[in-house]
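Biologist: Could you take me slowly through one part of this model, the helix that lies over the sheet, and what it sits against? I'd like the whole picture in one go.

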Amino acid sequence: MMNIPGIEPDVRMHSRVLMHPLAAPRCGIMLHYDDSSSDASALEWFHDPRCTNGYTWLVLDDGRVVELADPGMRTPHAGPCLVKNANSSFYGIAAATNGSVPATEKQLDAIARVCSAVSRHHHWVSPLLVGHDEQAIWTALYTTRRELWGKVGRKVDPSGQRADGRKIIDIDDIRRRM
Ligand SMILES: [Zn+2]
């Protein structure tokens, strides 16, 4: 199992079904929210046999870090994206929240800490940090509307769609905290 110095998960719950060898080298980190309504329901879902999506790390409201997969393996977190092999190319980090509840200060700090540790580990000078929404593209598998194929807009996380415009996770804010 791969261990990244500086990341000491509070919980490890690796699920074998979600892990496969990398199909491309890591080039950055993708941020998400998992669309859960509570930490408890988030944890329950990642134990559920019907769960087919997975991130490397899930960060709870209180800042606890749950490692869902071996960081050396790819997980199905990104789907088709502008960057090829996005599930491999990006580590996936999710805040346990949804499109209406902004990530907490503790969550944002913990996410930034994990991002910093990953970047140090890879010696990335200016880490490629992306949101799922700016990368996820439509394909024939997701829509019959041909005009959308290859275009972004398939996902709204981690920005969300709050009426007041506040982002659930603001990528620039995470960069400032790193
Ligand atoms: Zn996502």
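Predicted model: local features only at pLDDT ≥ 70, side-chain atom pairs only at ≥ 80, totals over all residues.

Modeller: Residues are numbered from 1 along each chain as its sequence is written.

Strand 3 and strand 7 pair in the parallel sense over 6 bridges (strands pair if DSSP finds at least two bridges between them). They belong to an open sheet of 6 strands, ordered 1-5-4-7-3-8 with mixed pairing. Strand 1 (11-12) and strand 8 are at the edges with a single partner strand each, so one side of each has no neighbour in the sheet. Helices (H or I, at least four residues) and strands (E, at least two) are DSSP runs, numbered from the N terminus.

Now the helix. Helix 3 lies across strands 3, 4, 5, 7 and 8, and runs at about 165° to strand 7; such angles run from 0 to 180 degrees between N-to-C directions, with axes fitted to C-alpha atoms, for helices over the stretch in contact. Just after helix 3, His 123 takes a positive phi of about 60°.

Which residues of helix 3 are buried? They are Gln 107, Leu 108, Ala 110, Ile 111, Val 114, Cys 115 and Val 118. Buried means 20 or more other C-beta atoms within 10 Å of a residue's own, exposed 12 or fewer, partly exposed in between, with C-beta atoms placed from the backbone. Seen down the axis, the buried residues of helix 3 fall within an arc of 165°, so they line one face; the arc is that of the directions from the axis to the C-beta atoms.

Leaving out residues up to four places away in sequence, Ile 29 touches residues including Cys 115, Val 118, Ile 93 and Leu 129 (contact: C-beta atoms, placed from the backbone, within 7 Å).

Note on methods. Contact = placed C-beta atoms within 7 Å.
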